Amino acid sequence: MKLKLCAVAIAAAVTLPAAAQTEIQWWHSMTGGLNDWVVDLANGFNASQKEYKVVPTYKGSYDESMTASIAAFRAGNAPHILQVYEVGTATMMSAKGAVVPVGKVLADAGYKFDPKLYIPAVVGYYTAPSGQMLSFPFNSSTTVLNYNKDLFRKAGLDPNKPPQTWPELALAAAKLKASGVSCPFTTSWQGWTQLESFSTWHNTLFATHNNGFGGTKARLAFNSPLHVRHIENLANMAKSGLFHYRGRGNKGDAPFYSGECAMATASSSTYASIKKNAKFDFGIAPLPYYPDVPGAPQNTIIGGASLWTMAGKKPQEYKGVAAFFNYLTNAEIQAKSHQRTGYLPITLASFKLTEESGFYKQNPGTDTAVNQMIRKTTDKSRGVRLGNFNQIRAIMDEELEQVWAGKKTAKEALDAAVKRGNEQLERFEKANKS
């Protein structure tokens, strides 16, 4: 009888279900090697504890994933975590009832959020005036100047002294062209690098009301004499064959990777791809500036994306989201991600850890992005947070393309971009009056 009871007990123990893990759905827009990075982060967190399981899912481009998440939210099956590019920040902030501030998610789960631990320009962008963090900084990047050291040597330029100012860049481009380089300079994300980051780098307003941080009444201001002067200079460089426009988005990255273009303003996140694809010695330098502008250089603008917590979930699920975000703030995790991708480390501790490891000495220039962002920000340089920003960027692309094609002057194009962009801001303001 005892044997039978023992057998029954063993059978019952075998058939008892294990404690179910709480699943956390994470929708993202990372492809290629960055998708691998996202999967590795989720797997690392899942292996670090047994209570929660983060499930990352690629949902297309940033635009596509935002559209899919809105539809999913309305249907009651939105993900717990949504990756949203910085351009969508104002839109997410205005989505009343659709999101839960990450500061609240962390606090409710017993985790402390201390803004002093984060790189100011990064955490400041995603934080409300009250000091509450709205979304979790994830893949944050900024603008840098990549340059081909081999082509610099060929042109008689010092490979360890990249141009620091725009006049110096124009002179370097002329020498590169004279040495036989067909594409001395190009750019990716032209609106972001040549207007948005250009503005903050020169401590000059891109838009009124502190670049939109002061509310929805903000209007565009990037048709100032300084902005016009810069676009005019680039237009003259284009006419002389010194500047080559290769298309919207990141279209300027590939011709730099291939060695065709000698210099390129781009995202700091290009580091991993350059290291993987470039067959030449390369360098990373700060964004050039105009030396006669007071306050320049200040700090460059944030790019990349953050993680938003969607509303309508269970308390236990929010605890899992908070645990995952807390895991991501670990200095070692942040440092490894920074070194792997070229994205910024979001905490000062992870920056210090990377520095102490010798990574920056072994990979010169990889600290450029961080050094550009750890400066104290001003109301003019904190970032740009505008409604309908994606549409505004498309307008900037259209108008700048008219300049490069010689169909409009810099002033005509920037005036038109401001006028058309302000119409988008007016629409956004009317739609979000409440």
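Author: Happy to. Leaving aside neighbours within four places in sequence, Ile 392 is in contact (heavy atoms within 4.5 Å) with Leu 220, Leu 386, Gly 387, Gly 421, Gln 424 and Leu 425. Before we go on, this is a predicted model, where local features need pLDDT of at least 70 and side-chain atom pairs count only at pLDDT 80 or more, while totals for chains, interfaces and linings use all residues. Residues are numbered from 1 along each chain as its sequence is written, and side-chain values use heavy atoms, with hydrogens and water left out.

Reader: Thanks! Where does Ile 392 lie, and is Ile 392 buried or exposed?

Author: Ile 392 lies in helix H19; helices (H or I, at least four residues) and strands (E, at least two) are DSSP runs, numbered from the N terminus. Ile 392 has a relative accessible area of 0%, so it is buried. Buried means under 20% relative accessible area, exposed over 50%, and partly exposed in between, with a 1.4 Å probe and protein chains only.

Reader: Nice. What about the overall build? How many helices and strands are there?

Author: The protein has 20 helices and 10 strands. Its radius of gyration is 24 Å, close to the 22 Å that the globule rule gives for 434 residues, so it is as compact as a globular protein of that length. That radius is taken over C-alpha atoms, and the rule is 2.2 Å times the number of residues to the power 0.38. Along the principal axes, the C-alpha trace spans about 95 × 50 × 35 Å.

Reader: And what share of the residues is buried?

Author: Buried residues make up 55% of the 434. Among contacts between residues at least 6 apart in sequence, 78% join residues at least 24 apart.

Reader: Let's zoom in on a helix. How long is H8?

Author: H8 covers residues 166-178, so 13 residues by count, and it reaches 18 Å from first C-alpha to last, close to the expected 18 Å. The expected span is 1.5 Å times one less than the number of residues.

Reader: Which residues of H8 are buried?

Author: Trp 166, Leu 169, Ala 172, Ala 173 and Leu 176. They cover an arc of only 110° around the axis, which puts them on the same side of H8; the arc is that of the directions from the helix axis to the C-beta atoms. On the other side of H8, Leu 171 and Ala 178 are exposed.

Reader: What covers that buried side?

Author: The cover includes strands E6 (143-148), E7 (183-187) and E8 (261-267), along with helices H7 (149-154), H9 and H11 (225-239).

Reader: You mentioned E6. What does Asn 148 do there?

Author: Asn 148 lies in E6 and is buried, at a relative accessible area of 3%. Its side chain reaches the backbone nitrogen of Leu 151 at 3.0 Å. That is a polar contact: a pair of N or O atoms within 3.5 Å, where within protein one must be able to donate a hydrogen and the other to accept it, and residues adjacent in sequence count only if both atoms are side-chain atoms. Beyond four places in sequence, Asn 148 touches residues including Phe 256, Phe 280 and Asp 281.

Reader: Which residues other than glycine have positive phi?

Author: Asn 203 is one of them, at about 50°, in the loop between H9 (190-201) and H10 (208-211). Asn 388 is another, with phi near 50°. Asn 388 lies in the loop between H18 (368-373) and H19 (389-404) and counts as buried at 16% relative accessibility.
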